[in-house]
Amino acid sequence: MKFGVVVFPGSNCEEDCFYVIKEILAQPAERIWHKQTALDNFDCIVLPGGFSYGDYLRTGAIARFSPIMKPLVDFAHKGGIVIGICNGFQILLESGLLPGAMLRNKELHFICKYVHIKTENINTLFTNLCSSSQVLKIPIAHNEGNYYIDEQGLKSLEKNRQIVFRYCSPKGEINKEFNPNGAIANIAGIVNKEGNILGMMPHPERSSEIELGSEDGRLIFKSILKWTESK
Amino acid sequence: MIEAEIYITLKKTVADPQGLTVKHALESLGYKEAEQVRMGKLITIRLNLKNKEEAEGKIDEMCRKLLANPIIEDYSFNIRCLPTDLQ
């Protein structure tokens, strides 16, 4: 299974993603500079975290017009697997590949810490190795992770089971106390209706080895691999 | 030359944590009358155009495509022809 990791000016998690794919999944991976105008022979594209274009204007707002985004949108519309992590999620929102938008964290702080997220849907290609309602320990590191969508949009996300992860307590309780950034309905990650695009604020690539404090993140990468290999 | 001043604000239905924090700061300075604070962005753009209507069309397009995110933001703008000595 071949992975591509897109690198924008200001991306800073691409090496971590690359490392996890090569060393932990033992799969081929390529870095893709954002100026590239074609995406050939990839099975999964990762939009990594960072501060593309310095977060100027709005997070992800300028990166979405990078040349690579046109073939990426085509790839996604044809059912290609896309995972956007943190800034990658913000880019997916700005490009319209996922619904909603990001606001500044409620308390206006940059938050960098381990959080717990509850797996709300295990019937996705990104979570098929998780057990029902499994709580994952995965770190966040962002200033704009306060996910927003209007009431109708939220209903639609819920109805279509697009909410994949919600911030929760270590035991899996979902409430305001365990919502780090003010995200509506504690949303930490969503998929598109078709289920081939995932956006999430927590960083699974930073929690794929026990030496780093958690290996829960690897479940997401391994789920993608399992799904692709069983096709 | 035409200059546009574009104001981008969070929609009224969207919470504005920055504005709220500034409101608290004003209150702590004694400005109890500060009822509401909302933060936004001001962008100025100079255009090599002479026709105001054409400029309006272009600015509106720029706002929709890039400058504002319609999910969370509203925008408005003023347009004026710059006097020659300011160009």
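A residue is buried if 20 or more other C-beta atoms lie within 10 Å of its own, exposed if 12 or fewer, and partly exposed in between, with C-beta atoms placed from the backbone. By that rule, the buried residues of α5(A) are A:Arg218, A:Leu219, A:Ile220, A:Phe221, A:Ile224 and A:Leu225. This is a predicted model, in which local features need pLDDT of at least 70 and side-chain atom pairs count only at pLDDT 80 or more, while totals for chains, interfaces and linings use all residues. Residues are numbered from 1 along each chain as its sequence is written, and chains are lettered from A and ligands numbered from 1 in the order in which they are written.

**Helix α5 of chain A**

- Helices (H or I, at least four residues) and strands (E, at least two) are DSSP runs, numbered from the N terminus.
- Helix α5 covers residues 218-229 of chain A. Its 12 residues should span 16 Å at 1.5 Å a residue, and the end C-alpha atoms are 16 Å apart, which agrees. The expected span is 1.5 Å times one less than the number of residues.
- The cover over the buried residues of α5(A) includes α1 (14-24), β3 (44-47), β4 (81-85) and β7 (135-142) of chain A.

**The sheet of chain A**

- Two strands pair if DSSP finds at least two bridges between them.
- Nine strands of chain A form an open sheet with mixed pairing, in the order β2-β1-β3-β4-β11-β10-β9-β6-β7.
- β2 (29-33) and β7 of chain A are the edge strands. Each has a single partner strand, so one side of each lacks a neighbour in the sheet.
- From one strand to the next, the twist averages 25°. Axes are lines fitted to C-alpha atoms, for helices over the stretch in contact, and angles run from 0 to 180 degrees between N-to-C directions.
- β3(A) and β4(A) are parallel partners, joined over four bridges. A:Val46 stands opposite A:Ile83 in β4(A).
- Five of the five residues of β4(A) are buried, so the strand is largely enclosed by the rest of the structure. A:Ile81, A:Ile83 and A:Ile85 point one way, and A:Val82 and A:Gly84 the other way.
- Strand β6 (residues 111-119) and strand β9 (residues 163-168) of chain A pair in the antiparallel sense over four bridges. A:Lys118 stands opposite A:Arg166 in β9(A).

**Nonpolar cores**

- A nonpolar core is a set of buried Ala, Val, Leu, Ile, Met, Phe, Trp, Tyr and Cys residues joined through C-beta atoms within 7 Å.
- The largest nonpolar core has 73 residues. A:Val5, A:Val6, A:Ile45 and A:Val46 touch the most other members.
- Beyond its neighbours within four places in sequence, A:Val6 is in contact with A:Ile32, A:His34, A:Ile45, A:Val46, A:Leu47 and A:Ile68. Contact means that the C-beta atoms of two residues, placed from the backbone, lie within 7 Å.

**A:Leu157**

- A:Leu157 sits in helix α4 (residues 151-159) of chain A. With 22 C-beta neighbours inside 10 Å, A:Leu157 counts as buried.
- Not counting residues up to four places away in sequence, A:Leu157 touches A:Ile149, A:Gln162, A:Ile163 and A:Ile190.
- A:Leu157 and A:Asn192 are 35 residues apart along the chain, with C-alpha atoms separated by 8.7 Å.

**Positive phi in chain A**

- A:Asp55 is not a glycine, yet has a positive phi of about 60°. A:Asp55 is in the loop between β3 and α2 (69-77) of chain A, and counts as partly exposed with 18 C-beta neighbours inside 10 Å.
- A:Ala185, also a residue other than glycine, has a positive phi near 55°. A:Ala185 lies in the loop between β9 and β10 (187-191) of chain A, and counts as partly exposed with 14 C-beta neighbours inside 10 Å.

**Chain B and the interface**

- Three strands of chain B make an open antiparallel sheet in the order β2-β1-β3.
- β2 (40-47) and β3 (73-81) of chain B stand at the edges, each with a single partner strand, so one side of each has no neighbour in the sheet.
- Neighbouring strands of this sheet are turned by 20° against each other on average, direction ignored.
- Strand β1 (residues 2-10) of chain B runs antiparallel to β2(B), joined by eight bridges. B:Tyr7 stands opposite B:Leu42 in β2(B).
- Nine residues of chain A are in contact with eight residues of chain B. The chain A side divides into five nonpolar, one polar and three charged residues. Here Ala, Val, Leu, Ile, Met, Phe, Trp, Tyr, Cys and Pro count as nonpolar, Asp, Glu, Lys and Arg as charged, and the others, Gly among them, as polar.
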